[in-house]
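Dear colleague,

I am passing a structure on to you, and below it you will find some notes on what turned up in it. Please read them alongside the structure itself.

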Amino acid sequence: MPNDVGHEIADALGTLLKRSTREQIYRRLTEGLGEAVDEVTYPVLSGLARTGPRSAAGLADEIGLDRSGVTRRATRLEEAGLLRREPDPADRRATLLALTEAGRAAIHTTRQRLAAHIEDSLASWPPGEAQTFARQLHRFLDHGPFTA
């Protein structure tokens, strides 16, 4: 059947994108990083690391939460010194969320953990196959159904 590969990839993506899968990964990545950094607040930290300073509404669009959910999570992270609120230079009435140095350090730790976890899970693959997978995954993201 011509759609077999498409269905197989769609099923795999469905598993990766499930909320429970993401929460399990986030829990593993954030373990021991302090009370404020957990599977609930991680998307806010990670989103800010990807985008740079953003309004709560802009970040909400980026990470798939509503603005009030981002604001609640940001407050926890701000109280822990991991992000700060700063005036928006384009609109002084607006506020941007930005990572602090401690927030950037937490993201660095989580990204190191994620890379190590991925490499460990690929350790049994034949030489070169993991590198090919990484290249093909980038190709799929750049030219697949997710491009604008």
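A polar contact is a pair of N or O atoms within 3.5 Å, where, within protein, one must be able to donate a hydrogen and the other to accept it, and residues adjacent in sequence count only if both atoms are side-chain atoms. This is a predicted model, in which local features need pLDDT of at least 70 and side-chain atom pairs count only at pLDDT 80 or more, while totals for chains, interfaces and linings use all residues. Residues are numbered from 1 along each chain as its sequence is written, and side-chain values use heavy atoms, with hydrogens and water left out.

Thr41 lies in the loop between α2 and α3 (42–51), helices being DSSP runs of H or I with at least four residues, and strands runs of E with at least two, numbered from the N terminus. The side chain of Thr41 reaches the backbone oxygen of Ala36 at 2.5 Å. Thr41 is buried (under 20% relative accessible area, with exposed over 50% and partly exposed in between, for a 1.4 Å probe and protein chains only), its own value being 0%. Apart from neighbours within four places in sequence, Thr41 is in contact with Ala36, Arg73, Arg76 and Leu77, contact meaning heavy atoms within 4.5 Å.

As for the annotation, the unreviewed UniProt entry lists residues 10–142 as "domain: HTH marR-type", though such annotations may be inferred rather than shown by experiment. Over residues 10–142 the chain is 65% helix and 11% strand, and the end C-alpha atoms are 17 Å apart.
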